[in-house]
Amino acid sequence: MEDMNLIFLGPPGAGKGTQAKLVADKCGIPQISTGDILRQAVKDVTPLGKEAQGYMERGDLVPDQVVIGIIEERLQQPDSQAGYILDGFPRTEVQANALAETLEQAGSAIDHVVNIEVGDDELIRRLAGRRTCKDCQEPYHVTFSPPNVQGVCDKCGGEIIQRKDDQEETVRTRLKVYREQTAPLIAYYEKRGLLRNVAGTGDIEEIFHSILGVVEGR
Ligand code: AMP
């Protein structure tokens, strides 16, 4: 599979990050997560991090121009030239239009928008139990995928925490923001013939195979 340019769309808790990582590894392309880039910037207390922190802690979106800038820079890196997965971007129509314009200028295009579908009750259940490694951001879940040793990351030995934006109040805001600002992108990409719906319930391996089937055109 060459030059596979993918977008992973879906509400918070749909499993975008988990699946994007699996597909990226399988296809040998980078997973570009605006959420991960922003969290790293917050952790490093960079100017970007300082600007983004308040929005993220409230569960609001970081301003479009900020994330568009991040993505434009990231897509110019050498490892993005043979394909990539955008995980968590675009999240608004303004971002989607900016991306389309950038790609058009570069003579490139998106191949598939994988829309991972999960119902609201399931999302809340998943998000409330979600935990993350403070150091390498590896995702865990208290019930569905706990680490071998409680509180310690299997991958890097780092401390496992609950992200501030996974706390209940913020989760509600994030779902509302998703519905109002991001869900309209489903129709946006459907209109452009790029939307591929995948059921996001079931086990991780099963969902992974459905996604591979879609992006490999099986
Ligand atoms: P995520 O890990 O993708 O859920 O992102 C965590 C937080 O980062 C979001 O709740 C937003 O505050 C911010 N963020 C990530 N991606 C974007 C984006 N494309 N546009 C605006 N804000 C974003």
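Trainee: How many aromatic pairs does the structure hold?

Mentor: This is a predicted model, in which local features need pLDDT of at least 70 and side-chain atom pairs count only at pLDDT 80 or more, while totals for chains, interfaces and linings use all residues. Residues are numbered from 1 along each chain as its sequence is written, and side-chain values use heavy atoms, with hydrogens and water left out. Rings of Phe, Tyr and Trp (its six-membered ring) pair if their centres lie within 6.5 Å. The number of aromatic pairs in the structure is 1.

Trainee: Is the pair of Tyr 188 and Tyr 189 stacked or edge-to-face?

Mentor: Planes under 30 degrees apart count as stacked, over 60 as edge-to-face and the rest as tilted. The ring centres of Tyr 188 and Tyr 189 are 4.9 Å apart and the planes stand at 80 degrees, so the pair is edge-to-face.

Trainee: Does Tyr 188 count as buried or exposed?

Mentor: Buried means under 20% relative accessible area, exposed over 50%, and partly exposed in between (1.4 Å probe, protein chains only). Tyr 189 has 4% relative accessibility and counts as buried. Tyr 188, at 7%, also counts as buried.

Trainee: Which residue lies over the face of Tyr 188?

Mentor: A charge sits over a ring if NZ of Lys or CZ of Arg is within 6 Å of the ring centre and within 35 degrees of the ring normal. At 3.7 Å from the ring centre of Tyr 188, the residue over its face is Arg 192.

Trainee: Which residue has its backbone oxygen 2.7 Å from a polar atom of the side chain of Thr 182?

Mentor: Thr 182 is placed in helix α7 (residues 168–182), a helix being a DSSP run (H or I) of at least four residues. With 4% relative accessibility, Thr 182 counts as buried. The backbone oxygen at 2.7 Å from its side chain belongs to Arg 91.

Trainee: Where is Ser 210 placed?

Mentor: At 35% relative accessibility, Ser 210 counts as partly exposed. A polar atom of its side chain lies 3.0 Å from the backbone oxygen of Glu 206. The place of Ser 210 is helix α9 (residues 204–215).

Trainee: How far apart in space are Ser 210 and Tyr 55?

Mentor: In sequence, Ser 210 and Tyr 55 are 155 residues apart. In space, C-alpha to C-alpha, the distance between Ser 210 and Tyr 55 is 34 Å.

Notes: Helices (H or I, at least four residues) and strands (E, at least two) are DSSP runs, numbered from the N terminus. A polar contact is a pair of N or O atoms within 3.5 Å; within protein, one must be able to donate a hydrogen and the other to accept it, and residues adjacent in sequence count only if both atoms are side-chain atoms.
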